[in-house]
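Please read this report alongside the sequence and the coordinates.

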Number of protein chains: 2
Amino acid sequence: MSYTYLHPHPAVTTDIIVFTVQDDVLKVLLIQRLAPPHEGSWALPGGFVEIEESLDACALRELHEETGLEGIYLEQLYTFGEPGRDPRERVISIAYFALVPSDKLVLQPGSDASAVAWYPISALPELAFDHEKITNIACQRLTDKMEYSTIGLMFMSSEFTLSQVQSLYEVISGKPRDKRNFRKWLLSLDAIEETGRKKAEGAYRPAKLYRLKESKIVSNIR
Amino acid sequence: MSYTYLHPHPAVTTDIIVFTVQDDVLKVLLIQRLAPPHEGSWALPGGFVEIEESLDACALRELHEETGLEGIYLEQLYTFGEPGRDPRERVISIAYFALVPSDKLVLQPGSDASAVAWYPISALPELAFDHEKITNIACQRLTDKMEYSTIGLMFMSSEFTLSQVQSLYEVISGKPRDKRNFRKWLLSLDAIEETGRKKAEGAYRPAKLYRLKESKIVSNIR
DNA sequence: ACAAAAGTGTTACGAGTACACCCATGG
DNA sequence: CCATGGGTGTACTCGTAACACTTTTGT
């Protein structure tokens, strides 16, 4: 089966930069390519947009197919379309970024059995295509949005402590925060609420558990 | 001549939302469609991406071809790709927005003789495709960026007075600003400088003329 | 001299920052 | 009773907001 057009058409893909924080390190999800071009090297998950599928749906589908991840926060980032960024044909890629909470880290490599792994953002391997450039722009956007939106909460699992949130923010910004000021700020956002439960983890005082408020997903501050 | 692929490929276009401020009103540039679909109705300028042309270059080319505009500020906005947004075939559109200074308002309708006109954002006609949705998102982005970047200066002509800048900001935000505070803020951005010249326009004190500093094009504040 | 827009400083308020001690729990 | 992280309030600082009069020009 083949498809014919009067004018040349580019191929269209989505690529997804999936962030998480694991062991106090910001990481991105990469898959190892099995087929040329760039066979064997690491790349962002993604793939071709189907002809009757929305862009968002494509990103979600590719992510699910290649990693098993589902129900996570996704946002369009930027569209990359320089001629020559793929050696096979003209490819235009709509890049998305996604945030995975720490309790959904279990990956199921796709049916094509390619390897899937979390890489610390500070120790990325060489990436295929222009994926390094895309990753850099995604990092920039993530750190920007951490400052003026509640996006950081998308990294948290369903129940979490205030100290866990603080640790997350410190990891991503690379700077320590004052505990009292951070809590005052976080609670003033009106985005989380106590669950009433507590988390006892060791030989010390248990912490109150919080959850994201219904309806408050990601909002801008200021 | 025709082009054949193993899998279906969507068509890819750019659409450009061109803003300007004229007579104290925020306006966008529209062109009247001559061909189906939506023949006769108004739409955003734009068109198909050529196979060896970058997305930015496509937006600039289409804008020049259809309106004669050149050398203006352009920025990628968002990519729209819902199936069905164009009745002919699957079309994915990378939307850009552009800002035109008040001294470049002269339009040269494209060679296909379609009408080109500035419409106040508050009195748009019915638009073709999903262009109303795109326009709304562009307006949102514009007003957002006015708050945290120097993008507003892209509306100014090569030489301008501080009062003109203030008037511009008031028109877009819809709110009056304190003259002294506004000037303090504007000058603190370190983005403009005096030309040494003055503008005498009527029976009153002439205003100092300013220009954008070299190298400072658009930067974020905060 | 008057009409019209240009230009200019000081005070007040509020948000954000700095800072140190007591609490609850398990071992 | 001790070790460990959890939890809390106040004082200061700096940036933003409020506010009104003098200057320059053309008629």
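## Basis of the values

This is a predicted model, in which local features need pLDDT of at least 70 and side-chain atom pairs count only at pLDDT 80 or more, while totals for chains, interfaces and linings use all residues. Residues are numbered from 1 along each chain as its sequence is written, chains are lettered from A and ligands numbered from 1 in the order in which they are written, and side-chain values use heavy atoms, with hydrogens and water left out.

Of the atoms of DNA strand D that come within 4 Å of the protein, 36% belong to sugar and phosphate. By class, this surface has ten charged, seven nonpolar and three polar residues, where Ala, Val, Leu, Ile, Met, Phe, Trp, Tyr, Cys and Pro count as nonpolar, Asp, Glu, Lys and Arg as charged, and the others, Gly among them, as polar.

At least two residues of the surface near DNA strand D are supplied by each of α4 (179-188) and β10 (207-212) of chain A and α4 (179-188) of chain B; helices (H or I, at least four residues) and strands (E, at least two) are DSSP runs, numbered from the N terminus. The most comes from α4(A), with four residues. D178(B), by contrast, places a polar side-chain atom 3.1 Å from a base nitrogen of DNA strand D.

Chain A is assigned domain 1 (11-126) and domain 2 (151-216), with bounds that come from an automatic or database domain assignment. Their contact (heavy atoms within 4.5 Å) takes 14 residues from domain 1 of chain A and ten residues from domain 2 of chain A. The C-alpha centres of these two domains lie 28 Å apart.

Across this interface the rule finds zero salt bridges, a salt bridge being a side-chain nitrogen of Lys or Arg within 4 Å of a carboxyl oxygen of Asp or Glu.

Methods
Near = heavy atom within 4 Å. Polar contact = N/O pair within 3.5 Å; in protein donor to acceptor, adjacent residues only side chain to side chain.
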